[in-house]
Amino acid sequence: MALESFLTNELTADMVRELEDFLDSQDTGHVFQFPQWADSGSKTILLREAGKIVWSGTFGLHPPLGYKVPWIRAATAVRGPVCDDRRIWNAGVEQLGEIMAKAGVTFFEVAPDWVQAAEGDAPDVPQESGWEVVGAARTSLRLSLAPSLEELFARFRKNSRYEIRRAEQLGVEVSVASGAEIDEFLRLHERLSQRKGFALESADGTWRRIAWLMQGESRGALLLARTGATVLGGAVVGRSGRRCYYIWGAAERLQNASVGQILQWKALQWAKSHGCVAYDFGGYTPGATSGPAWFKAGFGGAVVHCEPMRRRVLAPVRYRVFRILSSLRKRFGV
């Protein structure tokens, strides 16, 4: 089996459908690995066995020090490459070096959506020399959607149930938005970023990704909460296989109500109605007593620790320059 490499934006429609079918078949598939999510210039690399895709990874190629140092390039698969069979996954990853070297990549990073091995179990991720762990394990919160809606609601934290009922009493309604309403959410998201002080992705890229999720009404949805014609908040969710992921959310500050809880409640209902058996709330800080993590914990779920990102260096000299310049940037802001 040999890897095949393609520019993501040059994939044929048939190949895109084939990749979607494969990713939906894998428990470790993720929305971020679908080719439609990728930026222009990304690479989709796949492995076939008996003519069928058994491994795939969509890698974003970028200059990690910015465009002032374009000769240092990196490739990153966010939540990928994808393959539930660890033997095949390792076989595919071991072939990546040659392809990435031809693309002039200094280093590449892999971050499959794998839950960490239990203590005492052998890890599934690459352990041999040549791999460097980057950062800590990623923690998320996942809720089983197997119970009925009534049972799910009853298990929410008392405060979460209260806020949902209160929003309903105040006339807050949540509905699946149309493509024409994406800009409404982007304005909410921009105002939130200004209040919280976090950087946003490009508006064009976010718009494109939301529009893709909304196509066909089963890959994902933008949910908007409003009273009358006034939009109060929104949430973006996406589905891979039978798991739904919370991707973005934004809401206005209100004195009399919180719309975040009712948006999540409706998102859970959307996921369950589209055949999902689990809902992933995204990043999570165990034990938090305030902020987004405390909010998410109000809906229940199990904490999962996913394997950290791993990096393989292909050009040691360029990589040493990258490390030196990165250190200088952190210290002096250059």
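The model is predicted, so local features need pLDDT of at least 70 and side-chain atom pairs count only at pLDDT 80 or more, while totals for chains, interfaces and linings use all residues. Residues are numbered from 1 along each chain as its sequence is written, and side-chain values use heavy atoms, with hydrogens and water left out.

Let's start with strand S5, residues 107-112. Helices (H or I, at least four residues) and strands (E, at least two) are DSSP runs, numbered from the N terminus. Six of the six residues of S5 are buried, where buried means under 20% relative accessible area with a 1.4 Å probe and protein chains only. Phe107, Glu109 and Ala111 point one way, Phe108, Val110 and Pro112 the other. S5 has partners, and two strands pair if DSSP finds at least two bridges between them. With S4 the pairing is parallel over six bridges, and Ala75 stands opposite Phe108. With strand S14 (residues 309-313) it is antiparallel over four bridges, and here Glu109 faces Arg311.

Next comes helix H8, residues 260-273. Ten of the 14 residues are buried, so H8 is largely enclosed by the rest of the structure. Among the buried ones are Trp265, Leu268 and Trp270. After H8 comes Gly275, with a positive phi near 80°.

Now for the open spaces. A pocket is an open set of points on a 1 Å grid over the protein atoms alone, where a 1.4 Å probe fits, with protein on both sides within 12 Å along at least five of seven lines; lining residues have an atom within 4 Å of a point. The largest pocket holds about 1,200 Å³. Of its 43 lining residues, Leu192, Tyr246, Gly249, Ala250 and Pro292 are the closest to its centre. Strand S11 (243-251) gives the most to this lining, with seven residues, and H8 is one of the elements that supply at least two.

The second largest pocket has a volume of about 410 Å³. It is lined by 20 residues, with Trp37, Asp39, Gly60, Val78 and Arg209 nearest its centre. Strand S3 (52-62) and S4, the partner of S5, each supply at least two lining residues, and S3 has the largest share, five.

Definitions and conventions: The expected span of a helix is 1.5 Å times one less than its number of residues. Buried means under 20% relative accessible area, exposed over 50%, partly exposed in between (1.4 Å probe, protein chains only). Grid points are joined across faces, edges and corners, and a volume is the space filled by probe spheres set on the points.
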